[in-house]
Amino acid sequence: MFNKNNFWLLLMLSIFSLNLITITLASDPDPVQDYCIPNQTFESIKTHHTFHTILPCKNSSQVTADDFIFSNMKTSGNFSETGLSVIPANPTNFPGLNTLGMSFARTDIEVGGINPPHFHPRATELVHVVQGKVYTGFVDSNNRVFARILEQGEVMVFPRGLVHFMMNVGDEVVTLFGSFNGQNPGLTKIPSAVFGSGIDEELLQKAFGLSSKQIGTMKRKLDPKQER
């Protein structure tokens with residue numbers, strides 16, 4: 001006999017179970033040991049891009065304190081044409097992070113420089129400004145912009161998968177640190193993804209209202225496969 005109350009109870013339990021599965025799949029798996037220092041050389045990990053998969057662990061007797069320390073963020077790295085310098089810390093260069101479900105980065109932006117619109121498909125980012133003034137924010141799925149100027153000591157969160165951006169609006173280099181709730185957050189740069197990935201030129205002309213010449217200029221600038 002059909003029981004309406006039981007039906008709604010089962011429906012709610014099903015929805016709850018699906019949400020729980022979604023949440024579980026949306027983050028890195030929980031570690032099953034205190035730590036797992038990869039039993040591979042850094043060059044091997046970088047070459048095969050295996051830092052986001054399960055790696056064999058070193059014997060704990062071979063692990064040292066140095067495996068849990070990263071010292072390469074004391075100064076900024078090399079700056080790009082847009083005035084951006086990023087030093088990432090993930091299992092490819094910081095073995096102590098392996099299986100812990102997190103990663104880190106130092107970002108420096110020269111005066112007037114930018115971090116172009118981009119997103120991380122596999123992690124939420126939390127940024128902390130330690131020097132300078134930066135205009136930053138993100139765009140939600142309704143194209144609403146959440147942005148403002150952050151100063152030293154302020155923190156902002158960029159939800160996973162949403163486009164965000166930064167621009168130095170002060171008179172000194174901006175320095176900020178970002179943490180991610182995934183050891184392989186991924187990075188998709190919007191300009192490069194659109195104009196530097198090989199999307200058909202006719203489609204780009206229709207989508208952006210640009211001429212063939214303008215599209216060509218953007219492609220030459222952003223596509224590393226084409227001559228400048």
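1. Which side chain meets that of Lys-58 in a salt bridge? In this predicted model, the partner is Asp-67, with an N to O distance of 3.9 Å, which falls inside the limit because a salt bridge here requires a side-chain nitrogen of Lys or Arg within 4 Å of a carboxyl oxygen of Asp or Glu.

2. As background, side chains of opposite charge can pair when their charged atoms come close. Arg-148 and Glu-154 form another such bridge, their closest N and O atoms being 2.9 Å apart. Arg-148 has a relative accessible area of 45% and is therefore partly exposed, and Glu-154, at 26%, is likewise partly exposed.

3. A further bridge joins Lys-206 to Glu-202, where the closest N and O atoms are 3.1 Å apart. Both residues belong to helix H4, which covers residues 201-208, and they are four residues apart, about one turn of the helix. Lys-206 counts as exposed because its relative accessibility is 65%, while Glu-202, with a relative accessible area of 46%, is partly exposed.

4. The largest pocket deserves a separate point, as its volume is about 890 Å³. Of the 38 residues that line this pocket, those closest to its centre are Leu-84, Val-86, Asn-115, Leu-187 and Lys-189. Sorted by class, the lining has 17 nonpolar, 15 polar and six charged residues.

5. As to which elements build that lining, at least two residues each are supplied by strands E1 (84-89), E2 (103-109), E3 (114-119), E8 and E9 (174-180), and also by helices H3 (190-195) and H5 (212-222). Strand E1 gives the most to the lining of the largest pocket, with five residues.

6. On the surface, a nonpolar patch is formed by Ile-114, Tyr-135, Val-145, Ile-149, Met-167 and Val-169, which together have about 440 Å² of accessible area. Met-167 is found in strand E8, residues 163-168, and counts as partly exposed because its relative accessibility is 33%; that value also meets the patch criterion, because patches are made of residues with over 30% relative accessible area.

7. Phe-158 has its place in strand E7, residues 155-158, and is buried, with a relative accessible area of 1%. Phe-158 and Phe-119 are 39 residues apart in sequence, yet their C-alpha atoms are 8.9 Å apart in space.

8. Two backbone angles may be worth a check by eye. Thr-99, although not a glycine, has a positive phi of about 75°; the residue lies in the loop between E1 and E2 and is partly exposed, at 22% relative accessible area. Asn-143, also not a glycine, has a positive phi of about 65°; Asn-143 sits in the loop between strand E5 (134-139) and strand E6 (145-150) and is exposed, with a relative accessible area of 67%.

Key. Residues are numbered from 1 along each chain as its sequence is written. This is a predicted model: local features need pLDDT of at least 70, side-chain atom pairs count only at pLDDT 80 or more; totals for chains, interfaces and linings use all residues. Side-chain values use heavy atoms; hydrogens and water are left out. Patches are made of residues with over 30% relative accessible area and no salt bridge: like charges are joined within 9 Å, nonpolar side chains (Val, Leu, Ile, Met, Phe, Trp, Tyr) within 5 Å. Accessible areas come from the Shrake-Rupley method with a 1.4 Å probe; for residues, only the protein chains shown count as cover. Buried means under 20% relative accessible area, exposed over 50%, partly exposed in between (1.4 Å probe, protein chains only). On a 1 Å grid over the protein atoms alone, a cavity is a set of points where a 1.4 Å probe fits but cannot get out, and a pocket is an open set with protein on both sides within 12 Å along at least five of seven lines; lining residues have an atom within 4 Å of a point. Grid points are joined across faces, edges and corners, and a volume is the space filled by probe spheres set on the points. Ala, Val, Leu, Ile, Met, Phe, Trp, Tyr, Cys and Pro count as nonpolar, Asp, Glu, Lys and Arg as charged, and the others, Gly among them, as polar.
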